[in-house]
Amino acid sequence: MLASSDVEARASKKYVRTFIFSMRTGTPVEKLHVITKFFMIVAMSILALYMFSIPVSQGGPDIIGLALLLLLTFVLLAIARTAKYLANSYLVLVLPVLLGQFFWWLFFNWSLPGARMLFYFWPGFLPIGVSTVVLVGVFGLVYYKTRSVVLSLVPSILLWWFTVMPGVFSFSSLFTWVRIPVGVVFSFSLPQWSATVAFSKVLGFGVLIYTSFLFLLTTRDTEIGGALKQLRLSFRKSFFVMLMFRNLNTILMDYENIRSAQIARAANVMRKNVFSRIIDLAYVSVPLVATMIRRSTEMGVALYARGFEASHGITDYKETRRFSYVDFTIIAILAAFLIYEVILGHSITSLLMR
Amino acid sequence: MSGEKKTVSNTKNKYPWSNYTLKWGRGEPVSTTQYVLYAMQIAAVIALSYLSVTVFGPLSYAGISLFYFVYPFFLVFTMWWGIWGPIGAYIGCVIGAGLLVGTGIVPSLAYAVSDFVPPFFAFVLYRGLLANKGYDPLWRDLTDKEVAGVKTKRTGAWFWFVLINGVILNLISGVIGVGILWDMKIIATNAFWPWFIGWIVGDLVAMVIITPVLVKGLTSLVERQGLVNHGWIT
């Protein structure tokens, strides 16, 4: 029996630990069943993959659909009260991935059909306009987060160049307010669709990344254990899955501790080449695995001592939820959207642009 | 008959590793320690998969790393703990190199098959074939001159180790992994080869550097504690 003060303490908990970070209790997303959340990320993942893969011959990627999906993901993150954490930690980290996607899909997609379009390595002038705002804005944001000039310069110059490169931007008076002639023009041509496809990949990857984070930031290991028991998996199997997820953070912490110990023993004093750094990493592996084995044997003995082998009639997890009408509604809406877009082959962009 | 039995028995015990086979196990249920150990090694592979794709950059590009240092870990774990190694490799790739770095659930579930294949077939080849030819399925012959008094074939061990794990299985894994990501339009249409080469080199370099360190440092300890699987399950 729990003391009444313990019950009160549990009930008044405002934050609980999730896979990564912690989440605020009582939000609508937190109240969803873990199966609903899983279905949600699967459905949104399929939708994003389908929307950015629609061939040019069938109208091209569903840009508006992808933008709406991304907006929906951000709304859900905001409702789950995780947006601030994401803005503080993952926003800057995600930027290079999205830039990388844009770069690869712009330059490594030359077999696209249709007319070709002129792009500029350098338009022959220094444009002052939206591109300048992008340069200063991205530099400021990344510098604020990283305090590194080099790390801030790379994405800001790259993004600035992406806004200068298309002729429609640099030669438009709406985007470029002042032109200062510098050097000569360097241009190249790419399929007309490549920029649209690259942009759709950025939106699609945004959906994939942020829906994954939505799940990881709002799900607890015990919820998964409870859901597996609801799916009639035995206690031993569901507890195995929980053990796996519960120890994830511990192992990451072990890795950090061992790295810190290496640094404390002057591993970082001399500037090393990449090969030496790789060997350093190899030397982390032995204590890391040894710690894992030691912890496993200790936990095994502890479980055995507590009668794990003879366990039966186990009480359900407190975090186990019942399926509510909200869960059914969300699953139905997403299933309908999947049928509309993927099975029937409609596109939000073509629906709105008709 | 008894002579035949004696011959068979002698052949089976020709090497100190002859008790490591492709049977299901020793006919015993999974002990509590093994149960925790298998779950922990999966957790370790998830964590290391995540670190593999983030350690040389803020976040990966579609789960592909230029130094995928979890590769030797799940190969060695498979040699120690049988089927739990490939299972760990698959789950580790889905969660650590997929969901945690934002590759998305559907692509992650599909391309993680590429991490299941190499350890699975390495286990089959080493325990089913090479162990009988005098090569240690726990790979101690990569670093030691002798194992339990039996002289090892180090050159041959390195040859098979690099050929099987670094070339053949790595190529198959790369074709499956990059192929699935390419087919799902996550890798750009004309960018298959750069990413395929990155995959192969990333796995090969990590395998050659880390495996001997892991084997030399830990295999004897794991074996002494009775934690090496005799078969697939236990």
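**Figure legends: chains A and B**

**View 1. Chain A and its helices and strands.** Welcome to this predicted model, in which chain A has 13 helices and six strands. Along the principal axes, the C-alpha atoms of chain A fill a box of roughly 80 × 60 × 40 Å. The radius of gyration of chain A is 26 Å, while a compact globule of 354 residues would have one near 20 Å. Buried residues come to 32% of the 354 in chain A. Among contacts in chain A with a separation of 6 or more, 81% join residues 24 or more positions apart.

View 2. Of the 234 residues in chain B, 52% are buried.

**View 3. Where chain A meets chain B.** The contact draws on 53 residues of chain A and 42 residues of chain B. On the side of chain A that touches chain B, at least two residues come from each of α2 (34-51), α4 (83-107), α8 (194-217), α10 (235-264) and α11 (274-305). The most come from α11(A), which gives 19 residues. Sorted by class, this side of chain A holds 40 nonpolar, 11 polar and two charged residues.

Conventions:
Residues are numbered from 1 along each chain as its sequence is written. Chains are lettered from A and ligands numbered from 1 in the order in which they are written. This is a predicted model: local features need pLDDT of at least 70, side-chain atom pairs count only at pLDDT 80 or more; totals for chains, interfaces and linings use all residues. Two residues are in contact if their C-beta atoms, placed from the backbone, lie within 7 Å. Helices (H or I, at least four residues) and strands (E, at least two) are DSSP runs, numbered from the N terminus. Ala, Val, Leu, Ile, Met, Phe, Trp, Tyr, Cys and Pro count as nonpolar, Asp, Glu, Lys and Arg as charged, and the others, Gly among them, as polar. The radius of gyration is taken over C-alpha atoms; the globule rule is 2.2 Å times the number of residues to the power 0.38. A residue is buried if 20 or more other C-beta atoms lie within 10 Å of its own, exposed if 12 or fewer, and partly exposed in between; C-beta atoms are placed from the backbone.
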